[in-house]
Amino acid sequence: MKTLILTAVAVAMPFAALAHDGMHVEDAYARSANPMTGAIFMTLENHRDVACTLQGVESDVAERVELHSHTQEDGIMKMGRIEGGIQVPAQQSHALERGGDHVMLLGLTRKLSDGDQVALTLDFGDCGREEATAVVDNARADAGHDMGQMDHGGDHAGH
């Protein structure tokens with residue numbers, strides 16, 4: 001019996017090790033300030049020995065899904081599309097957060113209400129694809145992000 005248990009543990013161990021042997025999404029949540037747009041925030045963890053780049057995200061809740069970031073120009077925060085993706089260095093993490101890099105949902109196909117789940121497919125190019133789920137939490141407030149004045153350059157979600 002002892003041998004059987006040890007064998008079962010030995011067989012299961014490689015699968016457990018693979019669970020965090022690549023890219024991993026942690027604490028994904030979504031917000032929507034209006035019926036047309038939303039944003040998704042999360043932490044990307046890279047458990048690989050090479051840098052990986054988030055090249056795009058897919059979701060059926062929006063007509064377009066884009067990677068966006070905020071920059072400050074003349075004291076005003078502006079949001080725009082990220083070209084070339086978001087790199088996550090080897091064995092490190094990168095936060096997609098309000099006031100910084102994030103996933104933008106444009107042309108929502110349905111209303112995002114608190115508690116709803118948003119299915120995502122993250123494309124890391126050579127590092128593979130990762131499935132994730134973001135829970136809608138419109139009331140969530142991230143500490144430390146005083147946005148001040150914001151120029152969204154359009155009808156983007158409140159961040």
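Let's start with strand 2, residues 37-46, which is mostly covered, with eight of its ten residues buried. By buried I mean under 20% relative accessible area, while exposed is over 50% and partly exposed sits in between, with a 1.4 Å probe and protein chains only. Strands here are DSSP runs of E with at least two residues, helices are H or I runs of at least four, and both are numbered from the N terminus.

A quick word on what you're looking at. This is a predicted model, so to speak about local features we need pLDDT of at least 70, side-chain atom pairs count only at pLDDT 80 or more, and totals for chains, interfaces and linings use all residues. Residues are numbered from 1 along each chain as its sequence is written, and side-chain values use heavy atoms, with hydrogens and water left out.

Okay, the overall picture. The protein chain has one helix and twelve strands, and going from the N terminus the order is α-β-β-β-β-β-β-β-β-β-β-β-β. Of its 159 residues, 39% are buried. If you take contacts between residues at least 6 apart in sequence, 69% of them join residues at least 24 apart. A contact, for us, is heavy atoms within 4.5 Å.

Back to strand 2. Which strands does strand 2 pair with in the antiparallel sense over four bridges? One is strand 9, residues 102-108, where Leu106 stands opposite Thr37. Another is strand 8, residues 93-96, and there Ser93 sits across from Glu45. Then there's strand 1, residues 23-31, which runs antiparallel to strand 2 and is joined to it by seven bridges. A hairpin of five residues connects strand 1 to strand 2, and Val25 has Leu44 of strand 2 as its bridge partner. To call two strands paired, DSSP has to find at least two bridges between them.

While we're at strand 1, have a look at Asp27, which lies in that strand. Asp27 is partly exposed, at 44% relative accessibility. Gln91 also has a positive phi, about 60 degrees, and isn't a glycine either. You'll find Gln91 in the loop between strand 7 (86-88) and strand 8, partly exposed at 49%.

Now the cysteines. How many disulfides does the structure hold? One, counting a pair of cysteine sulfur atoms within 2.5 Å as a disulfide. Cys52 and Cys127 make it, with their sulfurs 2.1 Å apart. Cys52 belongs to strand 3 (residues 52-54) and Cys127 to the loop between strand 10 (117-123) and strand 11 (129-136), so the link ties together parts 75 residues apart in sequence. The angle about the S-S bond is -80 degrees, making the link left-handed. Are these cysteines buried or exposed? Cys52 is buried at 0% relative accessible area, and Cys127 is buried too, at 15%.

Last stop is Thr53, also in strand 3 and buried at 19%. Leaving out residues up to four places away in sequence, Thr53 touches Gly84, Gly85, Ile86, Gln87, Asp123, Phe124 and Gly125.
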